[in-house]
Structures are given as C-alpha cells and as structure tokens.
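Please open the model in a viewer and keep the selection panel at hand.

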Amino acid sequence: MARGRALPVTALLLMAGSAMYSLMPAAFLSFGGLSRREALQAAGAATAATLGVQSALADAQGEPTVAFVKNLPRVMKLQDAVDKGDLKAVLRGEKDFKRLNTYWRNDPQAFKYMRDLSEELLDAAYEGKTDQVKTLYTKYVSKKEIQVMNSLPPPPAGKAVTLGSYAANKYQDDPAKSAKLPFFGGQQFDGDYSK
C-alpha cells in the first residue's frame with residue numbers, strides 16, 4: 001500500500017551508483033583506499049540499512065489506522081449475523097477479518113493472537129458450530145483496541161473529524177497527564193493478548 005515508491009527507489013539507485021562510481025578507482029587499489037572487499041561490504045551495509053524504509057513509510061502514512069477505519073465497521077456489522085447464526089454471512093466477512101488483523105502486524109505476538117483467533121472463528125463457521133462462533137466473535141471484538149475504537153463518541157455534525165484526530169494528544173505539553181492517556185506515555189503492553 002505504500003504509494004510513490006518509484007521516485008525514492010530511483011533516487012536511491014542514482015545515489016548508490018554515484019557513490020560506487022566515485023569509489024571505483026580507489027576500490028581496486030591496495031594502498032590508501034578501500035579494498036574491493038571493503039567497498040562491497042560498505043555497499044551491502046548501505047543496502048541493508050535501507051530495507052526497512054518502505055514499511056516505515058507505510059506506517060507513517062497511517063496504514064494501521066486505515067485498517068481500523070475501513071474494516072472495523074464491517075466486522076462489527078457481522079454481530080447481527082453471528083447472533084442470528086447466519087454462518088454464511090460470517091464466512092463472507094473473511095477478508096474483513098484478515099484486513100483488520102493487519103492493524104497488529106507491527107506487534108508479532110498480538111498479530112498472531114488475532115490472526116489465530118479469526119482463523120479459529122472462521123473454521124468454526126465453516127464447520128457450522130454456531131455457539132463456538134458466538135464465543136469466538138465475542139472474544140475477538142473484546143480486544144482492547146476494538147473496545148476503545150467502538151467507545152469513541154460520534155463526530156460532531158458538520159465537522160470533518162477523522163479517526164486520526166481522535167488520537168491527538170490534548171495534553172501534549174504536560175507529560176504527566178499524557179502518561180495517563182491510553183495511547184500516549186509509558187503505558188506498555190501488560191502481556192495479555194486477550195484484551
């Protein structure tokens with residue numbers, strides 16, 4: 001989902017090419033410059049250092065938030081189907097579960113927990129186990145992040161308020177108050193993935 005990848009990649013290749021071109025005469029000399037091995041090691045290190053740029057760019061563009069904005073309402077609409085025992089409707093929501101799970105992709109343990117929970121839910125729906133689907137769906141939507149997003153007040157009428165504006169820190173200048181907010185400060189994961 002990262003957009004505009006061609007220009008940064010082209011710029012990176014041009015920069016690497018010009019660096020290699022400027023190092024070439026010294027790379028083949030055994031005195032006073034880099035050896036071929038050192039030049040190749042430097043190029044390899046530079047390449048390794050830039051591998052994480054695209055995923056960092058994707059996160060900076062708000063892809064985890066987009067996963068919630070687009071897919072959480074779809075998953076929450078399945079509540080009626082789960083209550084009625086309409087397992088075919090639950091199975092049609094498979095893509096929505098998988099897309100919503102991408103919110104946790106930067107936390108491997110939480111991502112694995114949510115992915116396994118949704119897979120277990122979908123397997124139970126496929127096998128026709130209505131009661132198990134209800135239990136697993138309740139467990140899935142009781143995750144702390146989902147509960148917080150569902151408890152947000154509706155945006156004021158006539159205002160352009162997005163999910164990103166809800167995450168703004170109104171106590172930005174006061175670290176003590178910021179630490180008490182659920183999304184800022186020193187609040188760490190408590191080890192329980194079922195929240």
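**An aromatic pair and a helix face**

Select Phe68: at 2% relative accessibility, this residue counts as buried, where buried means under 20% relative accessible area, exposed over 50% and partly exposed in between (1.4 Å probe, protein chains only). The model is predicted, with local features requiring pLDDT of at least 70 and side-chain atom pairs pLDDT 80 or more, while totals for chains, interfaces and linings use all residues. Residues are numbered from 1 along each chain as its sequence is written, and side-chain values use heavy atoms, leaving out hydrogens and water.

Four aromatic pairs are found in the whole structure; rings of Phe, Tyr and Trp (its six-membered ring) pair if their centres lie within 6.5 Å, planes under 30 degrees apart counting as stacked, over 60 as edge-to-face and the rest as tilted. The ring centres of Phe68 and Trp104 are 5.9 Å apart and their planes lie at 65°, so this pair is edge-to-face. Phe68 belongs to helix α4 and Trp104 to the loop between α6 and α7, 36 residues apart; helices (H or I, at least four residues) and strands (E, at least two) are DSSP runs numbered from the N terminus. Include Tyr103 to complete one aromatic cluster with Phe68 and Trp104.

Next, select α6 (residues 94-101), in which Asp96, Phe97, Leu100 and Asn101 are buried. These four lie on the same side of α6, because they cover an arc of only 135° around the axis, taken from the directions from the helix axis to the C-beta atoms. Display the surrounding helices: the buried residues of α6 pack against α4 (63-84), α5 (87-92), α7 (108-127), α8 (130-141) and α9 (144-150), contact meaning heavy atoms within 4.5 Å.
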